[in-house]
Amino acid sequence: MTPLRGGTQRNPDRRTDGPIVAKFARLLGTPLLPWQRLVADVAGEIDPDTGTYFYDTVILSTPRQCGKSTLVDAVDTRNSQWGPDRFIYYLAQTGKDAGDHFKKYLKTLGSSPLAAITTRPYLGAGDLRQPFANGSVIMPKSVTKVAGHGVQGDKITLDEAFSLSEETGNTILDGFMPTMATRLKATGVQPQLWITSTEGTAESTFFNRRLDACRAGEQSRRTCWFDFGLPADEDPENLDSIMRHHPAAGLLWNKTQLADFREQFQGNPAGWARAFGNRRDEGITDRAIDEALWAATVTAPVTPGDLDGRPVVFGVAVDVDGTHTSVSAGIANNDGTITVQLLRILDGTGYAPTELTRLCSKYGAPVVIDARGTAADLSDRLRHMTDDAGDPLLQFVDMDAGDYLTTGQSFVAGLANHAITHAADPELDASAANSARKWAGDAWRVSRRGSTGLTSPLESCMLAAWGAAHRPEETGPLQIY
Ligand SMILES: Nc1ncnc2c1ncn2[C@@H]1O[C@H](COP(=O)(O)OP(=O)(O)OP(=O)(O)O)[C@@H](O)[C@H]1O
Ligand SMILES: [Mg+2]
């Protein structure tokens, strides 16, 4: 069998339900491939103390076109027969992804000998489901739909988990995990969570964190995991290497077809390595600010004593999950240029209100902060702060959503036009080096999830520069570009 890149070994001291899954797979016309059988055998191990599944969580990563989803179908079908009235969810990125896959499954099931244990499927637009004669049901859902409600069930699969952010994935788990113990008690069968996917990108925060924990040996003892793909020292352009490490190679397709697959990835070597080598695509392919431009626009830091009455605004930005808050000053120089300077990187968002109150009163300066996104909560708190007379404590530079989207681009344009300089700061340099762009049509913004470090230092500078050019006391916006 194809060697695993990493994962849980079969414990031969435990019985396993794998052979029963294999029987269901045969009846569905897709007899398990050797790698699928290994996963079914390990995931199906029975705890001798409880008589039910040993593992409550299964994490599976393989290249594309391996048979992941097909394996899930066989396992789900088997799971529906552990007892009456079982609830099984198949979740994918969108309702369409989940539904498309599920409709294929319904066809396979309906024309298999297993049709005898099913009742008529529901084919409603928002209500696809396959009920079984014993009252169990398998339901496909879109991740986004489920995220708001949470699911309670006996088995739930998050297929294509690379598409989930940590936040969305966790919302789903928050609904499911607490109900597992209750269902175990009610049914006698340990509920299982399956998380299946090909490797994603730096933005696949939910899957990456879990897979990385397994690779570091930090998974719970009730988690089994399987990682197939090209080892780090092999070349993804070597098709023989792919043949050796892709567990469906030679079984679902051959080397001639593999060459055709490669053709489809012309000009996209990272996409190829991900799809067929199961390599995470982690490069920042698109730095928000070009390295040479950044180096050419550095200036000396300004100390409060040399401000000489130059007006200041404070840009405030927050990292993903509120881990850090950065504050930068935008200084409007007398020659019409703007200097930005990183002042603080605060832990979390809790220290920001006090620090900003202090800075703003000291410099008589307004604040620029995005009212949406990662800073929304902090922005709200800042805007509601009042003094003893009930007046707002801080002054803000008005910025609507459209303005916000231009801050990155106008910052880079300002650097290029010598209208903006940035005060030397190693943490700001790191942020500029690690911040990637994310395009939407012709516009880009800093991609918080696509970046490999803190983005708030750079983002706070972008906001400070924009704010310095749009200060409220100006009769009209100061035109500098
Ligand atoms: N055990 C099997 N026997 C025969 N055909 C199989 C088997 N497993 C999977 N296949 C077929 O291989 C193809 C790919 O399978 P599947 O869609 O399950 O892979 P996947 O890993 O989920 O792919 P993707 O990453 O693209 O979602 C499908 O056409 C499926 O029917
Ligand atoms: Mg699939």
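User: How many residues of domain 1 are in contact with how many residues of domain 2?
Analyst: This is a predicted model, and its chain is divided into domain 1, residues 6-277, and domain 2, residues 291-469. The centres of the two domains, taken over C-alpha atoms, are separated by 43 Å. Counting a contact as heavy atoms within 4.5 Å, the numbers are five residues of domain 1 and four residues of domain 2.

User: Which residues of domain 1 lose the most area to domain 2?
Analyst: Between them, domain 1 and domain 2 bury about 470 Å², and 43% of this lies on carbon and sulfur atoms. On the domain 1 side, three residues together account for 68% of what is buried there, and they are Glu 167, Ala 202 and Glu 203.

User: What share of the residues in the chain is buried?
Analyst: The chain contains 16 helices and 17 strands, and its C-alpha trace spans about 85 × 55 × 40 Å along the principal axes. A residue counts as buried when its relative accessible area is under 20%. Among the 481 residues in the chain, the buried share is 51%.

User: How far apart are the end C-alpha atoms of helix α14, and why does that agree with its number of residues?
Analyst: Helix α14 covers residues 401-416, which makes 16 residues.

User: On which residue is the kink in α14 centred?
Analyst: The kink in α14 is of about 40 degrees. The kink is centred on Thr 407.

User: Which residue caps the N-terminal end of α14?
Analyst: To find the cap, we look for a side chain that reaches a backbone nitrogen of the helix, and here the backbone nitrogen is that of Gly 402. A side-chain oxygen lies 3.1 Å from that nitrogen, and the residue that provides the oxygen is Asp 400.

User: Is Asp 387 buried, partly exposed or exposed?
Analyst: Asp 387 lies in the loop between α13 and α14, where a polar atom of its side chain is 3.0 Å from the backbone nitrogen of Ala 389. Because the relative accessibility of Asp 387 is 31%, the residue counts as partly exposed.

User: Is Thr 8 buried or exposed?
Analyst: Thr 8 has its place in the loop between β1 and α1. Leaving aside residues up to four places away in sequence, Thr 8 touches Val 42, Tyr 55, Thr 223, Cys 224, Trp 225 and Phe 226. Its relative accessibility is 13%, and therefore Thr 8 counts as buried.

User: What is the relative accessible area of Asp 308?
Analyst: Asp 308 lies in the loop between β10 and β11, and its phi is near 55 degrees, a positive value in a residue other than glycine. A residue counts as exposed when its relative accessible area is over 50%. Asp 308 is exposed, with a relative accessible area of 67%.

Note on methods. Residues are numbered from 1 along each chain as its sequence is written. Chains are lettered from A and ligands numbered from 1 in the order in which they are written. This is a predicted model: local features need pLDDT of at least 70, side-chain atom pairs count only at pLDDT 80 or more; totals for chains, interfaces and linings use all residues. Side-chain values use heavy atoms; hydrogens and water are left out. Helices (H or I, at least four residues) and strands (E, at least two) are DSSP runs, numbered from the N terminus. The expected span of a helix is 1.5 Å times one less than its number of residues. The bend at a residue is the angle between axes fitted to the seven residues ending there and the seven starting there. A polar contact is a pair of N or O atoms within 3.5 Å; within protein, one must be able to donate a hydrogen and the other to accept it, and residues adjacent in sequence count only if both atoms are side-chain atoms. Domain bounds come from an automatic or database domain assignment. Buried area is the accessible area (1.4 Å probe) that two parts lose on being put together, summed over both. Buried means under 20% relative accessible area, exposed over 50%, partly exposed in between (1.4 Å probe, protein chains only).
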